[in-house]
Amino acid sequence: MYDVWKNALAEIEQQISPANFSTWFQGTSIISNDDGHIIIGVKNSFYVKQLRNRYLDLITTALKNNNIDVKSINFEVQTKVKSKVRSREVTARDLPIKKQLSTIKQQRAIKDSSNHETGLNQKYTLDNFVIGSNNDLAFSAAKSIIDSPGDRYNPFFLYGGPGLGKTHLVQAIGNELLKKDPSLKIFYTPIAHFYSDFIDSVRLGKGNEFNLKFRKLDVLIIDDFQLIVGKEKSQEEFFNIFNDLYQLNKQIIVTSDRLPSQIKSVDERLASRLTWAGAFDLQLPKFEDKCAILRAKAELMGADIEPEAIEYIAENVNTNIRDLEGEFSTILLMSEVRGLTPLELIKNGSVSVNKTTRPHQVTSKQVVDKVARYFELTPKEMCSKSRVSNIKTARQITMYLLSKELGLSTTKIATEVGVKDHTTVMHGVKKIDQDLRLNFILRDQIAEIKEKIYD
Ligand code: ADP
Ligand code: MG
């Protein structure tokens, strides 16, 4: 059991920020596994709620990937578990009265129950999904689906990097639809569960049951479709189900971290069908979006946090919303443990959100050098008049980064990259901005280059 958990933890560690991993997973262990009913030992009751709310899916998938047939997961406070992170255990009773109240309020604030029949978790609602410039288009499509499922946005294909709200938004659609019409047959499933269920059904000779279960649905929500890679039979089965449901005007919703055409080994016909009604993406939130999300979370949790502390977190977490929430929870937790307000903690240097903080002293020369090196060009080659496609792209990416990261004026950028005038720069920046919406490879490339620049 020890090894299985160790392997599962290694997998989980890959998928969340180091701060979250050490906060929530250090000192956990599997207490028992009774025929798939698993009990995980944690440090105190605060962790039970957090792990269940935030990481149940991740833990389930990690265990399944380690060949554990997971039927249920429960968490138990295990007093003997020694924490290396914190020197003492914190329970609600240790906290001052006001904090105790806020802890209880937190526990009541979020309804968190996964429904076995629909796979939907009630904690994901449209009310607690904050609309911002990063998600407004996808959000309006979601509203339109709730008003009229199986209609204009069918299939609804939602894509974007990890932690940007895909699962939240599609689950919220499911929950809202069910609220409107409780008789609807809705099923949410991560693609990984879809294929393990499919394989089980074949193995147990229950293919028919599997078939029926999916074909009688009114709404099918498939999460993390990119993980279909290499699962040919499951892909075929999904394609058949997709076609059958589509013909009956049943709503199909699919999320992925990239466009279907950018997923290896996805059947071309399926890829094109998935984006028939368009592809909607979720982008990284801007500063204002991040503040709005944190304010909404604070309100929901009944947590006291100063506006300056919110701004500090928003400014320093530049990865995604999952990490933003992670840092926020860590600071709130520390604030309870230490008896200081979040801002006091930040001011006295007890917390630093360094991993995602970027030094501001990057020069334009560094940007030019790093982009050139990334494309295996010399800065001189890159900043030439060449119209060879990869040189031109490298040049446009440089313009884009000089504008977005360093905030240089278009005239200054023109001089830096050796182009004629500022309109060429404006065109280049706009081109990359537009391409980023649809081109996942470009998005990865730019993320990698940024890593190198801020290394
Ligand atoms: P993804 O599926 O894209 O990896 P999730 O849907 O799991 O991301 O989102 C990560 C976390 O961020 C979740 O806890 C989710 O509730 C939260 N989140 C994402 N987008 C928003 C938003 N717009 N408003 C509020 N919370 C959000
Ligand atoms: Mg997800």
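Phe194, Asp197, Phe198 and Ser201 in helix H7 meet Gly207, Phe210, Lys213 and Phe214 in helix H8, where contact means heavy atoms within 4.5 Å. The model is predicted, so that local features need pLDDT of at least 70 and side-chain atom pairs count only at pLDDT 80 or more, while totals for chains, interfaces and linings use all residues. Residues are numbered from 1 along each chain as its sequence is written, and side-chain values use heavy atoms, with hydrogens and water left out. Helices (H or I, at least four residues) and strands (E, at least two) are DSSP runs, numbered from the N terminus.

**Packing of H7 and H8**

- The residues of the contact of H7 with H8 comprise four nonpolar, two polar and two charged; Phe is among those counted as nonpolar, Asp and Lys as charged, and Gly as polar.
- The axes of H7 (residues 191–203) and H8 (residues 207–215) come within 8 Å and cross at roughly 140°. Axes are lines fitted to C-alpha atoms, for helices over the stretch in contact, and angles run from 0 to 180 degrees between N-to-C directions.

**Aspartate 218**

- Aspartate 218 lies in the loop between H8 and E6 and is buried, with a relative accessible area of 19%. Buried means under 20% relative accessible area, exposed over 50%, and partly exposed in between (1.4 Å probe, protein chains only).
- Its side chain makes a polar contact with the side chain of lysine 250 at 3.0 Å. A polar contact is a pair of N or O atoms within 3.5 Å; within protein, one must be able to donate a hydrogen and the other to accept it, and residues adjacent in sequence count only if both atoms are side-chain atoms.
- Neighbours within four places in sequence aside, aspartate 218 is in contact with residues including Ser183, Leu184 and Gln251.

**Parallel sheet**

- Five strands form an open sheet in the order E5-E6-E7-E4-E8, with parallel pairing; two strands pair if DSSP finds at least two bridges between them.
- Strand E5 (186–190) and strand E8 (279–281) are the edge strands, each pairing on one side only.
- E6 and E7 (residues 251–256) pair over four bridges, and isoleucine 221 has isoleucine 253 in E7 as its bridge partner.

**Backbone features in loops**

- Asparagine 154 and proline 155 are joined by a cis peptide bond, with omega about -5°.
- Asparagine 67, although not a glycine, has a positive phi of about 65°; asparagine 67 is exposed, at 72% relative accessibility.
- Aspartate 224 has a positive phi near 60° and is partly exposed, at 25% relative accessibility.

Key: Chains lettered and ligands numbered in written order.
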